[in-house]
Each structure stands twice: as C-alpha cells, then as structure tokens.
Amino acid sequence: MNRRPSHPDRFSQGLRQVPMIVWLWLLWVLLWGATSAVVLVGGLLVAVGVVLLFPLPAVLPGGVPRPLRAGRLLVDLLTDLVKSGCTVAWQAVRHGRETPSAIVEVPLSVDSDLLIAAVARLTTMTPGTVVIEIDRRRKRLYVHALPVRDQRDIARRRSDVQAVERRVARAAGHHRGAEKPGPGPTRPDDTRRQSRGRES
Amino acid sequence: MTTVLNAVTAVLFPAGAAFCLLGALGLLRFPDTTSRLHAAAKAQTLGLLLVLVGAAAQMPGRHAPVLLLVALFQLFTAPISSQIIGRTAYRTAGLDRDLLLRDELADRLVRDGIPLPGHDRPQRDDDAER
Amino acid sequence: MTILYGATLAVIAAAGLLTLLRLVRGPLALDRIMALDVLVTMTIAATAVGAVARDDTTAIPVLVVLALLAFIGSVTAAHLVEKREGMR
Amino acid sequence: MLFLLAAYAAVAAAVPWWQPRLGRAVWAVAALVPLATVVWAGTRAASVLDGEEYRETLSWAPSLGLTVDLRLDPLALLMLWIVAGVGVMVLLYCRYYVEQDAARQAALLLAFAGAMTGLVLADNVFVLYVFWELTTVASFLLVAGRGEGEEERRAARQALLVTAAGGLVMLLGLVVLGQTAGTYRISAILADPPRGGAVSAAVVLVLIGVFAKSAQMPLHGWLPAAMVAPTPVSAYLHAAAMVKAGVYLVARLAPALAEVAPWRPMVLAVGLTTMVLAAWRALRATDLKLLLAYGTISELGLLVTLLGTGTRTAALAGVVMLLAHAAFKSALFLSVGILDHRAGTRDIRELSGLGRRMPALFAVTVLAAASMAGIPPLVGYLGKEAYFEAFLHGTRLDGHEQLTVVLVIGSALTVAYAARFVQGAFGGHPGEAAHRAERPEPGFVAPVAVLAGAGLALGVGYPGTAALATAYADVYPPGPDGPYKLSLWHGFTPVLGLSALTLTLGGLVHLGRRSLPALPRLPDVQRVFDRVVMGVGGLASAVTRRTQVGSLPLYLAVLLTTVVVVPGAALVAGAPPLGSPLPWWSPAEPFLAVVVLVASAAAVGTRHRLTGILLAGAVGYGVAGVFLVRGAPDLALTQFLVETMTLVVVVLVLRRMPARFSPGRTRPRVRLIRAAVAGAVGVFVTGFALVASAARTAPAISSGYARHMEEAGAENIVNAIIVDFRALDTLGEISVLLVAAAGVVSLVRVDGRRRANPSDAGQGGLFPTAHWDEPARTWLPGAHERPGGERSVLLEVATRLLFPSILVFSLFLLFSGHYRPGGGFAGGLVAAQAFVLRYLVGGRADLGAAVRVPAGVVAGVGLLLAAVVGLFPLVLGGTPLESAVVTLHPPVVGTVKFATSLFFDVGVYLLVVGVVLELLSAVGVSLGQEMATADDAKQGGPR
Amino acid sequence: MTGALPALPVLLPALGAGMSLLRLPRPVMRGLSIGVLTAVVACGTALLVLADRHGPQALHVGGWPAPLGITLVADRLSSLLLTVSALVALAVLLFAVGQGTAEDRRSSAVVFHPAYLVLVTGVSLAYLTGDLFNLFVAFEVMLAASYVLITLDADENRTRAGMTYTIVSLTSSLLFLSLVALVYAATGTVTLAQLGPRLAELPDGLRSALALLLLSVLGIKAAIVPLHFWLPDSYPTAPAPITAVFAALLTKVGVYALLRTQTLLFPRTGVWMVLACAAALTMIVGILGALAQDDLNRLLSFTLVSHIGFMLFGIALFDVQGLTGTILYVVHHIVVQAALFLVVGLTVRRTGTAALHRMATRPRPGPLAVTLFVVPALSLSGIPPLSGFVAKLALLRAGVAQGTPAAYVLAGTALLTSLLTLSAMTRVWMAAFMGRPPGRLEERPGEPSGTGRDRRGGTRLMLAAAAGMTTTGVAVAVCAGPLAGLGERAAEDLLHPREYRSAVLEGSQR
Amino acid sequence: MNMIDGTMALVVGGLFAIGFYLMLQRSLMRIVLGFILLGHGTNLLLLVAGGTPGRPPVPTGTTDASARTADPLPQAMALTAIVITFGLTAFLMALAYRSWRLSGHDEVHDDVEDRLIGTARERADAGPESGRDEAGPAPDRDDGGTAPGEAR
C-alpha cells in the first residue's frame, strides 16, 4: 500500500537529507542571530545530530525547484492573502449572518503528497476558501468557499484553486500531468475499498 | 533608513491590527463554524503577518529575521489547524447545511452510495442556553 | 510612535475581547478551539508590538513557540471532537 | 536491688523457653527468684530496721526526672517480704493448680512479682508509676488469660481501664507533687514536704489513683469482676500484692501529706465507707471467691484508713494489718482454689461437707479465717487491737469516737463473713451428701498452710512483728500516751472489750443471717462502669458521625473556612494598612484581567469537559500574557508550553471519557454556601496580598543575584536561579514531574494483564470520508500502522517537515537558556511537543519509531544526570550542585565558555522529554488497549 | 567531605529514583532501594552526631551563600527526625518487599520503587531545608510520591479515597504556595534564617495573620482538627506498608515544619491559645473517632490524628520543656505508629479482614504477632516503661511546669486521651488477638499460596521488619535519657536560634 | 512601596474564588478545572505579590540601564510551581480517568465507611458471631449488671 523508501547505499541516503540539514542549520543560526564560529559549528552538529538521531524519510520535491517561480508563488500568495483578508473582512462587516457558501469539488492533477498538501495549504489561505476534505487517492479537494452566490461563483472558485495548483507545480518544477484532470467518477473497486475502510 | 522603516511600521501596524479586528468580527458574526473558520484562518493570519513585518522593521538586525521566521511558521502551521477544524466541522455536522448553496461533497457521497451518517443539528456544548 | 503602538495594541485588544466572546459563547467545541487559536494569534501580534514598543527582544522565543506549537493543541482538541462525534 | 529486678525480668523472659523441658518443675524454678528476694531482704533486715537505708541508682532519663532510684527502708522491706513471700507460695501452689499455659502464667506471675518488687523499692515517683502500671498490665494479662472467655476479657478490660485511669490521674498528681517539691525523689519529698494549693490538688489526684488501684468504693467494681482469673492470680494480685500498691502508696506518702487539706477526710471517708459496705456485700455473696473479693475490698478500706490517718498508732496498726491481710487472704484464696480445683465449684450453695474430706485444708483454712476475724493469738487480732487503740485513744481527730463505731461495725461484719466463709466452704448442708471431691496432695495444701501459719507465727511472735512495724510507724511522733506497743495482752482495756464485741456481733450476724431483713440494694458500680463505657462509645459514634461525614466538598469547605477565618480574624483585628495600590501597572493588565476572569467564570458554567479545558487554556494564555507584561518572558514561555501540554494530556484522557460530566443535583443552598466560601477565600487572598505587599520595607534579596551572574556564567538571571542558585528546587520539581508521570502510568493501567491491542484505535463509526486522506507515501515511519481514518496527508507532511525544526528549536532553547529566555524546561517541553505531534499524527508506532528508548528510561536518565551533576562536585572537593564556568579552546571554534550547570539543565531537558513520553505512552497506549472494554462500559455501564 | 553530608540524604534517593527507572532486574532494584535508604540512615546518624557536637551543620548548596542559594541545615532536631524517619522508611521498605503486594506485578514495581525513593527525597529535603520555598517543593515532592503510592493499583474504593487525599493535599499545597508568595511579598526573602527578623518588623496584624495562615496550612498536612477529615478517609485504604510509611512520616513532617517555622519565624512567649485549643480538640475528636471505628486501619488512623494533638500540646506551650516533649513524642510516634500499622497489616493479611467484628470468626495470629502488636499498642497508650510514656511524661511535666489553666486543661486532655487510646487498643487486642485458637501466620485462607518458600521468606521479612520497628520503639524508651537530653538541646536551639541563624547566614557577606 | 496593583489583586482573588468554587464540587473534572485555575492564581500571586514589575531580568539587547529590572526570584519560584502544577494536573486527570473506568463516573462520592460509623459498632455488638468484646455492653447486660457469680 505504501511505498517504502528504497534503501540504496548510506551515502546517497545521507545526501537526500542534505536539504533538511541545511535548513536546520540555517534555522539555528537565525535563532541565535549570530554567526560566530561556535554558533556555526554547534549548529552543524545540532542539525546533523537531529537528523541522524531521528531518521525520517527524505523530503524531496518531485523535480528541481525553480527559485523564480517560487518567488512568484510567494508574491501571489501574499496578494492572495491580502485579497482574501479583505473579502472575508468585508463579508464579516457587510453580510455577517447571511453569508452564502458552498462546498466545491476541485479535481487536481498533481499526484504527490507534498504538492497536494501544499495546494491544500495555499487554498486554505486564498480568499474565501477552506479545504474541508482531501481525497488523496483520487486527487480531489473539497473546498468550502464563501461568499458563493451562484453556480458561476462555484466554477470560478474551482478554477482559482486549480490555478494555485498550477503555480505550485511549476514552482516545484513539477510539470508532468499538470493539465491532466483527476480520475473520473468512482470506480467499483474504490467503493469496495471505501466500505472496507469504513468497517475496519 | 529609519524613516523608511518607521513609515513601513506606521502603515503595517494599523493595517495588521485592523485585520485582526475584522477577523475577530467575522469570527463573531459568521453564522456557522465553517464560515467562522474563514475569518480565523485568513483575516487573522494576515493581520499577524502585517504586524510581524512591521515589528521586524523596528527590531535590531539580528532579531528581525527571527520575526520573519515566526511569520513563516505561522503561515505554515495556521492552515493545518484550519483544515483539521474544517474537516472535523464537516464530519461532525459543525456547519449549517441550510446555508450551503451547494454541497458537492455530499453529492459525491450520494453518488458513491454512501449515506451520510445521521447529520442532524450539531450537539451544542453550551450550557448557558439551558 | 508610542501613540501608534498604543493604538495598535488597543485595537488588537478589542479584537481579543471579541474573540473571547466567541470563546465563551461557543456554541460548538470547534468554535472554541478556533477562538483559542485566534487568541493565540492575537497574542503573538500583541507581543510583537509590545516588544517593539518596549524595545525588548526577550519575548521573541515566546513568539516562536506560539507560532510553531500552538496548533498542536488545536489539532489534538479537534481530533477529540471528531472521535467523540464519530463514536456516536 | 537492681539485680533483683533484673533477675525477675530475665527469669520471666526465659521461663517460656524452659517450660517445655522443665515441665511442672518450672514453678519451682520460678519460685527461686522471690525466695532469693526474701532471703536477700532478710540479710538486710537488721540494719534496715536500725534505720539504715540501702540505695541504688540507675540513670534513665534524668532530665525528665526519670531516675531509677531504689531504696530499701522498713516499709519497703515489709512490702518486699509480703510480695516475695506470698509470691513463693503462690508459685509453688501453681505447680498443682495450673493445668495449661503454664509457661505464660509463670512468666507473667514472675514478671508481676518483679514489677511489685520494683514498685515497693522505687524511690522516684515516676519509677513507682512505671512499676505501678506494669502491675496493671500484668493483671490484665493474667485476668484475660488466653481471652477465650467473654467474661475474662470483659473483666480484664475493666480492671485495666479503671486502674489505668486512676493511674493516669495519679501520674498527673505525682507530676504536680514533684513539680511543687522540686524533686521527684520520694525520700526527698518526704524529708521536705511541699505545701500549697497545688499540693492539695496533687493529693486529690494521687488519692484517686490509689483508690482505683486498691479498689476503694466507688472504684472497686473491677476487683470482683476480676475474680474470673485463675485463683492463684486472685490470691496474689487481687489480695496480697497488687491491690496493696495503693495502700503502700498511702503509707508511703502519709507522713508527708496527711496534714495537707483533703487528704485525711478523703482517706477516712472513702476507707471506712468501703470497709463497711464491701463487708456487707461479702455477706451476700455465694461465690466463695467473690466473698473473699469483697472481703478484700473491705480490708483494703481498713488499710487505707489506717495507713492514711497519719498517726503513729494507726500506722502501726496498718502495717500489722497489712501483713496479716497478705497472709490470711492469700491463704484463703488458695484454699478456695483447691476446693474449686477439686470440687469443680466454689458456690456455697453447691459445696457441702468438704471439711471432712479435706481435714488438713479445713484446719489451715480455719486458722486463716480466724486471723481474718481477729481471734487471738493470731496476727489479725494483734492488728485489731492496735487499730481500736489508734482511734479510741491514739488520735486527736475530730469525731474519733464515731470513727471507732464504724470500725467496730466493719470488724463485726468481717467476723461474720469469715464465719460464713468457713461455714460455706466446709460446712455440711443437712441431708446432703458430702460433695464428692478428690483429696488434695500435701504439696497442694502446703502453701496454704505456710501462709496460714504465718498468721499464727506473726501473732504469737509479736515482738518480731512489732519490730518490723514500729520501724515504719516511728516516722510519726508518738501519741499523747506515749508510743503504743504491740502486744497480745494489754490487760482489760476498752479495746479488748471492743474486740470481744466485734466477735460477738459478728457471730450473731452470722447466726442470724437468714433472718436479716432485706436491706436496701447497694449502689451497683458495675452498672456505672458499663454505662460510662457505653456512653463514651455513644459519644464517640455521635461525634464521629457528625464530623467525619465522608463528603469531600464538605471537608474542603470546612478547611477553607478555617483557613480564611483563623488568619482572617487576625488580619482584620490587626487591621494593618492596605496601602494605596496602583489601579494597574500596565494598561494591558485590565484587558488581560478581563480575559482571565471571563474565561474562568465561563468555566464554572460549563458541563462539557472539552469546553472547560479550553476555557482553562484561555485563562492560562491570559496569565501568560500577564507574565509577559510584567517582565517575565521565561515564565510566559513556560506557561504557554505547559498550557498546550496540559491541553494535549487532558484531551488524550478525555478521548475515552464521556463528553459531559453529570451535572450533579446540588441544592441551591449548598451552592450558595460553596459560593460564599469560595468568595470569602477570594476576598481574603486579595486583601492579604494587598496588605502583605504594602508592608514590605526590606529590599528583596534577589538584588544580590545580578552581582553574581559572572560567577554563575549566565546572563539570564531566572535561568541561573533555576539551574544554579536554587538548583535544589529544580531537582525537587523534576522529581515531582517524574513521580507524577509514574503515577499516571500506574493509574491509567486499569487492567494491566490485558493483551495489547495491535491497533491504536479500532473503533467503527468513522465518517465515511475519513480514510480518503491517507497519504500515498511514507512520511512518518510508523504512521502506516494507523488505520486510514486516523490519517491526514496535510498533517503528515507538515509533521515530517516540522519535527526536526521543533527539535532544533528545543535545543536552541536549552543551550540559550543561560543567556535569554529558555532553558531546560522550556526546551524539554518544546521537544516533547515535537513528540506529541509525532504521536498525534503518526500514532503510537510512529512515536516508537522516533524514540527507541523506553520513556521511563529517558526520564530516569534525566533525573540521574541531574543528581549526578549535583553529586559530582563532591569528587572534586566542591559543594553539591556547585557549578563552575569552564572555558575550552577546541580547534576551529576558538573559545567555548559555559557553566557546568548546563549539564543540570540537560538533565532537566531529558527528564521533561521522558516524562511527556511516558505520559503519552501511558495515556495513549493504555487508552487504546482498553477501548474495547470502555465501549462495553459505555453500552452496558451506568452512563 | 563531611561538609557535603546534609546534601546526601536528598541527592542519594533522587539518584536512586533515577536509577530505578532504568529497567533494572527486580533484585537489583530492591537492593538499590535498600542500599540507598541504608545510606540515608547512615548519613542521618552522622549528621546527628556532628550537629550535636558542633552545632548546626549548614550546607550552602551550590556554594551560594544563604539568601541567594538554598541552605540545607542539619541541626539536632532535623537530623534526629531524619535518622528516625529514614530508619522507619527502611523497615517499611523491607516489609513491602516481603509482602510483595506493592510490587507483585513488575509494572507496579516500576512505579513503586521510584515513588518510594522520591518520597524519601521529599521527606529528607523537608527536614533539612532552610528555605521556605524549598520547603514547599519538598512537600510537593513528598506528596506527589504519596499520591502515586496511595493510588497504586487502586480499586474503586481506593481510588475514591485517593481522590480525597489528593485533592485535600493539593488544596493545602496551593495555600502553602500562596503563603510563600505573601511572605515574600511582605519580607522579600524566603530564607528561614532571615525571615524571623524581617517578620518581626511587620505590623502585628499581618504578622499574626501570617503565623496563623502558616499554622492552618501546615495543619492540613499534620491533620489537626478540624483540618483532619481527609486522613481517616484515605490512609486506611492503602496497603499496609504504604499506610505505615504515610502515618509515620507525612504528618510528622507537617509537625516538624510547624515546629521549625513557628519557632524560627514567629517566636512567642507563653501559651499559644489557638494551638492549645486545636491540640485539645485534635486529641479528643481523634480518639473519639478511633473508638467509633470498626475497621482496624481506620481506628489506627484516628489514633494517629489524636496523637498529633500531643505534639501540638508541646508546641502550644512554646517553652523548652514543651518542645522537648513534642520532639520526644514525634520520635516515639514515628516508630510506634509505623510498627502498629505494619503489625495490623500482618494481622489483616492473616485474618483476611480489617473489620473487628468479623475477626472473631477468623483464625488469630500467632504469639509473635500478638507481642508485636501489644508492645507498640501499649506504647501508644503511654503505658510505662515504653516510649509513649516517656514522651507523655515529658509533655505532662512541661504542662504542669507552665502551670497556666490552659496547660492544665491540656494535660488533663492528654491523660484522658491516653486512657481512651488504651481503651481502643484493648478493644483491638481483644477482638483481633484473643479468643480464638491461633493459626499460623504464614498461611492465609483464600490466597493462592504461591511458591511456598518465597512466601515464607516474605512473611519472615515482614515479621522481621515489624519486629525491627517494635524493637526500635523499645530502644527509644531505653535510650530515653540521651534522647531527652538531645531533645532538650534541640528545643533550646529552636527557642534560641542564634546558632542556627549564624550557621546559615555566615557566608552571606561574600 | 506597593508592588501589587489593584487589577492584579482582583484577578488573583477572582481566580481563587472561582477555582475554589470549582474545587468544592463533586465532579472530578470540575475539580481538575478548579485546580488548574487555582494553579494559575497562585502562580500569578507569586509573581505579582512577590516581585517588582519591570524589565525582564534577562539581557534585553538594549542599553536602557535606567529601567528597573523585575524581581527574578518570584519568577523562578513561579516557574517551579508551574511545572509542578502541570505534573499534578496530569495526575489528577489520570485519577479521574481511573475513577471513571472503575465506577462509571468521575465524581467524588461520600466515604461509605464513614456513613457506616456506629452501625458497624451496633452490628458488632449484636452480631451473633462476634464475642461481646465491644466497649459498650450488650443490651442483655443492662438488666443484670451484677458481678459474675453474685447472688441476685
């Protein structure tokens, strides 16, 4: 069911942890707010120590990250945030109790836990959308959106989320299947799995 | 330099505070749990980010990055709880179905032939209503 | 600047009081969890402003802690709500 | 003398070991000790009677007045002979009498004899009291026996309680007496008798003890009851020796205290009343032992009267009667014992004709009884003469004539019951066959004979008796007619007439006993004792039922009320200034105050567990805010962390508990009381805090810390206090954490034998979409063991990314604690949250994958490290928990400077992590295991 | 090295507690606990000798002088009580090991040993510390361990009792902490040696309010009437050794703290009426409670409450003789009460019930057990020449010497209580130990006999522990002279704490 | 010098009142809540009553030496107290759980033995199996009341 991480040699496995170690090192230095030798050496020791002592599967994006795209993503995110903040705030002030909403199904095309998580995360931050449910297998998000007044709003929200997905995929250097929609309506074997899952 | 930073702060602080207030208002005014989640997840986070950036502008150099780090962590963690709360709200009937224009998740479930478990009115925790 | 800080803090405090109202009123546990989460966020904001206002950096680790860890409590509590309701 | 006591103790202790080998010979061996005492006393007798004293001293607790002072003087010598002499006979007699439990009886009798010996030799009031109570205990044990009979147990208990009660009262009297006299040495008190109101009180107290011990009315009830004891015990303890303790004490103290106010009236009134009334009771008894017991009480009354009067002649008479009574009463008891032993009964109405079957016994019994009746030339007569003389002529007391009349009546009654005894025991009932009984062996009768013979010998050899008695009586000045001399024949004196009168009267009473008018029933003390005991029991039940109601809220309410009222009253009464407090220190405070108070007030109203804990969390955040505002970032940090941690732990427990707690119907009145109490506490604390902080004048000691920061190698003062200045607090605190976690582990394991369920949560009823969220690849090593519904791709990814970062942050807090807010606690708690996250998201298996060491071991290592760090400086000759600043120069890095207290902090860090892991594994795992049963309970249980 | 001695009784058990969590094999764990406690006894004895010869032994922990750091002070009183307590703790541990109930299951053993050692840590710290806040911490350590022990493997009833105990204790702890806060607010220090003079400068009302608050708070721990209700409801439910160690140590630590703080912080002259009333009430209510009980353990718990009154009696008199009496009484009572609970534990095990009215039909314990019960029972009742008598005598003398009406009333109450105690004890004696054919102690009906040799060994160990306690009680009586001298010197120290203060504060100029 | 201000005194008092009100209930959950609130109250009291407010006793990175530093000792003490309170809260919670598991509720009920006081004695006095070894005499003793063997 789960793909266990393959075990090549130690070295390459260690190599895959380098990004994490670098991040931890950076974190350490930032926290201390100093760049003295003690901090640097200590930070390296701490980072390596933590990674070695508590081994976890490596985190590698499916492709080569694109710094520019990532920057673009960040900018988009921030503007989205401001926009979403304004919308919601306005809703709260203007409509309050009578805010209409809907739950929208958004099929995704990326097929990676990391990316789906990222999309869900960003979606939750975009204006008026909160991810209610994630169907990982069939790559769908169920998004609670607000305000939604009509069917057109629903479609727009769906495409908004898919736009975010595209941006994320690009930032992560992830192109494959970006335009391919998720699998169609339920297959019989899925139903079986689900009911089994319910029983267990 | 300082003037620029001061100006940044002078803009960001009230803006951030305002978003906080609006978010809180939303939290108070929105009709059901899921809707309130919007206020909590976004207005709040935004307000906080603005305030943090504004604060970072005033901090001595070595501490400013840490404030940005805080912002980063907040951005990273806030959606997590939002999503979990959101899904819990849906699963436990924490949202008011009457307010939904459309529920595609329920549609999907009906399509799959999975009956929604008895989703009547959510059980309230409030005792003040007694 | 002091007035700015004061005003910012006052607004945040007002927001905090509104949130408190939600926390007290509920009506669902989820609402309260959310409100608590928001309260934490506001604490972070207020602390940051306070740190600037008092020119005091000692509160920074507090900020990191709150930003990094506060969600754990919410998630745990939400889990509880789900289990409880799921078992009904 | 000490060696005598030691011998008694040693032989008594050894007898149970010897008994199986020696068999009945053990009695003879036991009798050797009192025999040796008699002999030893004999060797000292001459010089003692000449006025020389033997003293020995053993220091016990001199500062408390407890010195084992022993003194042999004439009175002690006399008593010693009585105690040891009767003891020898009783022990020898026991050889024939005792059938079972010989070892126990022998040991106890011997121990008793030893105690009695100590009592009469003691020259220290407390030592006297020690032996006094020892005899009480020995009596209890001897009366109770194996305690198989209800009657024995009851009697023993009564004897014990009455005499011990008297003893305690007496103890107080003795303390007062000693305190007033400035010494606890009896001879010193006697030499220089204290005077004053306190002494009068002491006299009353001491006499009460005496009366209880010597079974004076109205405290006599225990003695007849104690007759259930084996006869040798009655003979020895309840006739010859133990009951004489009171008499002895009267005799001992009378020379000093007889003139003190209530002494003489008390002694005379109680003694004479007892003498007459008890004799009257004796006449009515049908049980021979009971008859003798009342006789004993009567005689004791006489003895108390005589020895307590405080004149020479009376004392002389008293001593003679003391001797006489010991001899004849023990002889009589022993002879009853033989009758009982052989005939199987001692009821007058059943015995008959034994005089013919047992002539020897009959003879010696008659001899003893004659002594009791005061028939010449026996010693009883000698005494009788003396006491009539004492009251007729020898004293100048007011109303001595009336006293003499009472004495005459008492003596006549004595004669009557003596006759009744002989008649009842040995006489024949007309028309009734002689009671079948085996004739006793000569050895059985011999002790009786010796004792009865002693009465004769002492009477006939009256000069010897006189020498013994005069030596004591000479402490008093001689009477108006010069010193009275003991003699069998003083010529035809009024006293002789009185003697004859008593005999005649006694005989008449005996003969006319059947036609005696039915006299009014005497007050029944037995019933009084029972009433008292029952009353105390009822009181105890009532008081306890009212106070110990078993209700926790009530207990707490009482407790809080006390805490508020007692100091509160002092506070209000003293009315120290409230000061003039600022409304607030920082404008943020009122806001936080509102948060705290509103949230906590809301917590009162809720019945929903989760809501309650969330509201409490809000209060915690508010309090943390106050900490921040008031310049305590360390506190705020810890408070925030602890708040989250509390929420997690509580929620994990709540997972298995019902959502609401039952409201519990509380009456409004009760609620009001509770609110009033709680409100009072609030007001009290507020007021107290205001007053206390307004009263501060001295500077806080903490100003000293800043100056020592260099030495401590730290910049964060709070952290330095925690790991260095006051590291001991921290050590204690982590011990609390550790043990609390251990407690949680043991508490949640309701049924430890249950096999672990492989899945953490196997319950059904999840929402149908629950398992959709399962990630496709492994993010956390153990997460795949969780069932689908428990997983979330978002959470798992986030956890994977956050976990190392949180750990790094925790280490940052740990290492930076010396310089900024942080430290081992905060760090440990942060790291613990990382593990909480792993547990929450990845489940138990994932937590197991993350930490491969048992949680308890992590915690243990933490405490171990802290303790070792504390002890390590000792190796270097330092002080425990001392810290040093170490500067190292490793390559590359340059200079590293740190305080060794860092290691202490590391210990704290580890412990906190370990504790939280332990909590998680306990709460998580056990709850998971027991879920099935919990569900059962939910369905079928009382909920 | 001797300078560090006061720290060892605290650090060694802590070390042991840490080690006992390291998944050691059971024999090693037992050996460790026994070894640690033996070492504590040895340290206590050494401290006692040193303190008696050379005055208070102060240790500035961490090398920091008094107001800054925490100072451990072993003066005569604290080292005496420490030694006795450690001795009792050791004996009870042996008993528990022999009985095996506390550690029948491995899982419980993992909890029992650390908790027990932590308890000892707390007790030692409470005796030795010279710092008010540290005293609070010591209490917490001790109480936290006691919460765990009292609820170890608890059934429904015991859980309920554990709740009562825990909640009341927590309340008292909170109040204690508030007290520390208030004291610090008023004086700015928490070092006991410094507090006396600083408190003396406060307004009278505040000062006496603080004294009374302290009395009330410690009164809860020491179970003074009317703050005692929790004790008889909770102690009796625990397994015998745990009850024994609680009864022997916990309340006494409260009394010790009362003794220490009231003399050091709030010196006074003359009878302290509030405490005198409390003492009289405690004695009477306690013993009446005992008389009303049918359950053996409860009965003993009530006597425990009652006899706390004796200790208060001495404190209320507030002079050398009174305090001497209290000290003697504490020493006596620690040993004797522990012995009684242990023997009762044996008896209950033997008869299978703790209810007196049911015991009549059960086989009765053998002569050794009877002796082991009788000696401490009589001692408790103050029957000479046992230790209870010596202690009671000291108190009586003190009361009479003071000579005020209150003192006389107290003395009278004490005597009445003694008598009623005797009555209660004889009732137990007769119901539990008399009137039936004896049975062998080793066997208990209805209990799986287990491996025979193991059980017998265990029973022997239990008997030995109980006998050890009883013997110690007798030894207390025999050594009454030296003890009384020591107690008197200790009382002098308490009333004139100049030496104590200078020992603590000597280095403060640094 | 006033160290505690009115607001804080009120907050502390309020926490004590509410906390103790909750502690006085029977439901263990409320007691836990009360305990938590009281813990907050005492910690706050320790800090605000004991310490002078001011700048944190930590190097703040600024050079404003004139500002008064907060008293660090109450902070350290409160820190200790916080951690202790946490441990005990966890314990209390576990106790509540155990009680619930064993008895189906988590309320502190009255002590049964205490309710039986007196009745047990009477039972013992009157019980046929028990010897009359009680302090109080059995009822049948009342009418007699004479010493053993004595003629009536």
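The model is predicted, so to speak of local features takes a pLDDT of at least 70, side-chain atom pairs count only at pLDDT 80 or more, and totals for chains, interfaces and linings use all residues. Residues are numbered from 1 along each chain as its sequence is written, chains are lettered from A in the order in which they are written, and side-chain values use heavy atoms, with hydrogens and water left out.

Let's start with chains D and F. On the chain D side, 132 residues are in contact with 107 residues of chain F (contact means heavy atoms within 4.5 Å). Together they bury about 10,200 Å², and carbon and sulfur atoms give 69% of that; buried area is the accessible area, taken with a 1.4 Å probe, that two parts lose on being put together, summed over both. Arg630(D), Leu635(D) and Leu747(D) supply 7% of what chain D buries against chain F, more than any other three residues.

Look for Asp5(F) and Arg630(D): their side chains meet in a salt bridge at 2.9 Å, N to O. Helix H27 of chain D, residues 668–694, gives the largest share of the side that touches chain F, with 14 residues (helices are DSSP runs of H or I, at least four residues, and strands are runs of E, at least two, numbered from the N terminus).

You'll find Arg609(D) in helix H25, residues 609–629 of chain D. Arg609(D) is buried, with a relative accessible area of 2%; buried means under 20%, with a 1.4 Å probe and protein chains only. Leaving aside residues up to four places away in sequence, Arg609(D) touches residues of both chains, including Phe661(D), Met29(F) and Asp106(F).

Finally, the annotations. In an unreviewed entry, UniProt marks residues 6–24, 31–50 and 76–97 of chain F as "transmembrane region", though such annotations may be inferred rather than shown by experiment. Residues 31–50 of chain F are 100% helix, with end C-alpha atoms 27 Å apart, and residues 76–97 of chain F are also 100% helix, with ends 32 Å apart. For chain C, the unreviewed UniProt entry lists 6–24, 36–53 and 59–81 under that label. Residues 6–24 of chain C are 100% helix, with 26 Å between the end C-alpha atoms.

Definitions and conventions. Salt bridge = Lys/Arg side-chain N within 4 Å of Asp/Glu carboxyl O. Buried < 20%, exposed > 50% of the residue type's maximum accessible area, 1.4 Å probe, protein only.
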